[in-house]
Amino acid sequence: MKNVLVAKHPATGETIDQWLETEEMQVPEMYEKSSAAFQFWSTRSLETRLSFIKKIKQHLLENMDEIVDEICSATGKVKTEALTADLMPVIDIIQHYEKRAPKILKRKRVSTPLLFVGKSSYVDYFPLGTVLVISPWNYPFQLSMTPVISALIAGNSVILKPSEVTPTIGLLIEKIAREVNLPKNVLQVAHGGKELGQALVSGTPDSIFFTGSVETGRKIGVEASKRFIPYTLELGGKDPMIVFEDAAIKRAVNGAVWGAFTNAGQVCMSLERVYVQQGISGEFIDRLVEETKKLKMGEDIGSLTFPHQKEIIRNHVLDALEKGALLLTGKHPDHWGDSMYIEPMILTNITEDMKVVTEETFGPVMPVITFLKEEEVIEKANSTEFGLNASVWTKDSAKANRVTSKLVTGSAVINDVLVSVANPHLPFGGVKSSGTGRYHGDEGLYTFSRQMSVMKDTGIKQREINWYPYEHKYGKVRTLIKAYFSNKKQLAALMRSRIKQLGKK
């Protein structure tokens, strides 16, 4: 018998829904269905594919409140964050691709060197096949729908395996697909845990898009590499915020509070290290404490989503306190109790050996570290294995550009936080252990496309310069190459004449 999955509200423990788990033995059949659906979907025009995506956008707009409530029940988020950070980005990316997709996926004409006179060159884009999307629990709607929609627009069929921590979001996505009459099996949702995920990865996907932990990402990369299939990994972060003495302090403080504590810190791009130049550190920390204490639990700060994550946060905070850190806001972990609501914590007196500096905490914890010089803070910011996002705060534009250019990170923001991921025109992704590959922007469709480079000849000449026979040709070709690559190139007309002459030999 199939297992019955039960979803509960993370904060209240109330049962939300229950349904049957997808069994591992069903995986081959899912890929067969997906392959058949791909044969249909990939031959539809881009205009036709976009018409279904537009229906999804309209459905999201018309059912906004119900979808927000579903997201809140699954994750424990507050409604404003569910709306602005989980639902709205999906609507935004759809609207972006409505306008941009025809241009992005259109045949690209490229230049052809004069040596190849009579030829033209271009790049065509084709779908990959079946894309396996494995999504996480922190932004379960956005981080499922964005790659799913991108893959569908590019002409692929999709199998989605949402996180078992927030399983009702998978049911929600299935419902949306039915409501817009998406063709059968173009999008399938597989419900289950890690074992199901492993079976799907080991199946027959043509591409894998994974968002989640570094450990799992490495395993997926190894498995995909065995079969030489493309994969994109969106993994963790330990993002630094660098605040110089000439920064607008009030703005920087407000940015730090939101950047560290939004979604209860369960964001891969959370501010997990705040570096403040020593000259303003006292005032900055005082203001941080003041603003953080104004936050309201349940209104500004939602609950944690995953009980296991609570233990990781506890471990990191206790490690810091045992090594001499000072807790300025929030409760000591010994006083948390069973609640999934954790008050935001600011930690100072931080040392480089603490887990809150070296490992991803993924919770409402803000370690604040002082620095003296620019070179010092750049070195510290780059000191972790991660490289997802960073922010630099200063009124000096030259300094901002200089420091940003020296940070090893996939994205950076100047005098703001996190916002780069919200611009659908910008590609998003990490470096180092934060992942590989990009999505959003034009890259968001190229990631799910196979590129074909084509050169086309008119077919008029009987043979090419470089074809057989080689007799008496070396000297003529040598002269041509020297002329072509010389600083004193012959006139284009003469080059064409020479090439035409050689081609007849």
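In which sense do strand S6 (residues 157-161) and S7 pair, and over how many bridges?

Mentor: This is a predicted model, in which local features need pLDDT of at least 70, side-chain atom pairs count only at pLDDT 80 or more, and totals for chains, interfaces and linings use all residues. Residues are numbered from 1 along each chain as its sequence is written, and side-chain values use heavy atoms, with hydrogens and water left out.

S6 and S7 pair in the parallel sense, over three bridges. Two strands pair if DSSP finds at least two bridges between them; helices (H or I, at least four residues) and strands (E, at least two) are DSSP runs, numbered from the N terminus. Val158 has Leu187 in S7 as its bridge partner. Helix H1 (residues 27-41) packs on the sheet and touches strand S5 (130-134), S6 and S7, where contact means heavy atoms within 4.5 Å. The direction of H1 makes about 145° with that of S6; axes are lines fitted to C-alpha atoms, for helices over the stretch in contact, and angles run from 0 to 180 degrees between N-to-C directions.

The whole sheet is open and has six strands, in the order S7-S6-S5-S8-S9-S19, with mixed pairing. Its edge strands are S7 (187-189) and S19 (435-436), each of which pairs on one side only.

Helix H5 (residues 142-153) lies across S5, S6, S7 and strand S8 (207-211), and runs at about 165° to S6. H5 also meets helix H2 (residues 46-62): their axes come within 9 Å and cross at roughly 155°. H2 and H5 are therefore roughly antiparallel to each other, the term for angles over 145 degrees. On the H2 side the contact has Leu46, Arg49, Leu50, Ile53 and Ile56; on the H5 side, Met145, Ile149, Leu152 and Ile153. By class, that contact has eight nonpolar, no polar and one charged residues. Here Ala, Val, Leu, Ile, Met, Phe, Trp, Tyr, Cys and Pro count as nonpolar, Asp, Glu, Lys and Arg as charged, and the others, Gly among them, as polar.

Ile153 is also among the residues with the most contacts inside the largest nonpolar core, which has 112 residues. Such a core is a set of buried (under 20% relative accessible area, 1.4 Å probe, protein chains only) Ala, Val, Leu, Ile, Met, Phe, Trp, Tyr and Cys residues joined through side-chain atoms within 4.5 Å. The largest share of this core, nine residues, comes from helix H4 (residues 79-104).

Methods
Buried means under 20% relative accessible area, exposed over 50%, partly exposed in between (1.4 Å probe, protein chains only). Angles under 35 degrees count as roughly parallel, over 145 as roughly antiparallel, 65 to 115 as roughly perpendicular and the rest as oblique.
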